[in-house]
Amino acid sequence: MPEYKKYCRACRAAALILAVILLTATGVFAVASVKQEQTDTRALTPLQREIEEQRLRLTSAEIEDRREAVARLAAMHHPAASRVRATAAASVLALPAEESVASLIPLLADKDEFVRQHAAYALGQARSRTAVAALVERLADKKDSVRGAAAVALGQIADAAAVIPLSAILNPQSGLASVKKGQKSKREKNPFVLRAAAHSLGKIGDRAAAPTLIAVLQDERAEDDVRREAAFALGAIGDSSAIPALREALSARDPHLSQTAHEAIRKISRSQKAGGI
């Protein structure tokens, strides 16, 4: 028994020594980390330090701090500041719904493409109808990435007010396309924007979009993945008027389009049975 007690005391002593060593090492590493951070900060230019300061403020628990940080970054008119603002767009969603949307909408008109793009995606996540009109305007943006982000966001919000402008992207000559007087209709060429428009029309689910989507599905000059999105959207909308065009697509050269058309027909048939049609 005495030997056992000595053994226990030795174990406790060893454990205590090990704990002291670990704590000392942790402290050394912590101090080294702080010194390294301070060195890195001193190596920054005044502009870089200001950007870093505002980036840290974006994580503040205080709403006013985050709001002022966004404003300060915007006033810098510098690409590095713009990138920070773009990645911070989603964090604005932590604000109350209407306040976050009000903060994001002005960013859609920012000079930086990256900022406009991320602001559009963030507005889609907010799912507020207040942003629909501003996002519709971005469908005419000069940059493909911004137009695509706006189209995606409108599908997430799923407001029927976006059906006409999204349909106009797919087919400017469609009956739904509303072209302003004196303005030439311009056909969208970017595949991602076209796919996003078709997919978003399916998410909105308004039958008014069916004629445009059918026209896209039947257009053999269109890219296969765009036609697939049109088929998917028609299945999501559930309008039986699309079944003839979907049946034609069953024999398409693209097996994925054929499969999507098959699934769309099944979906429409199920919705008809469920509705007692």
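User: Which residues of helix H11 (residues 210–218) are buried?

Analyst: Buried means under 20% relative accessible area. This model is predicted. In H11, Ala210, Thr212, Leu213, Ile214, Val216 and Leu217 are buried.

User: What do the buried residues of H11 pack against?

Analyst: Look for the elements in contact with them. Here they are H9, helix H10 (191–204), helix H12 (224–237), helix H13 (243–249) and helix H14 (255–274).

User: Take Ser167 next. Is Ser167 buried or exposed?

Analyst: Ser167 lies in helix H9. Its relative accessible area is 0%, so Ser167 counts as buried.

User: Now backbone angles. What is phi of Arg127?

Analyst: Phi of Arg127 is near 55°, a positive value, and the residue is not glycine. Then place the residue. Arg127 sits in the loop between helix H6 (113–126) and helix H7 (132–138). With a relative accessible area of 48%, Arg127 is partly exposed.

User: Where is Ala158, and what is its phi?

Analyst: Ala158 is in the loop between helix H8 (144–157) and helix H9 (163–170). Its phi is near 60°, again positive in a residue other than glycine. Ala158 is partly exposed, because its relative accessible area of 31% falls between the 20% and 50% cut-offs.

Technical notes
Residues are numbered from 1 along each chain as its sequence is written. This is a predicted model: local features need pLDDT of at least 70, side-chain atom pairs count only at pLDDT 80 or more; totals for chains, interfaces and linings use all residues. Side-chain values use heavy atoms; hydrogens and water are left out. Helices (H or I, at least four residues) and strands (E, at least two) are DSSP runs, numbered from the N terminus. Buried means under 20% relative accessible area, exposed over 50%, partly exposed in between (1.4 Å probe, protein chains only). Contact means heavy atoms within 4.5 Å.
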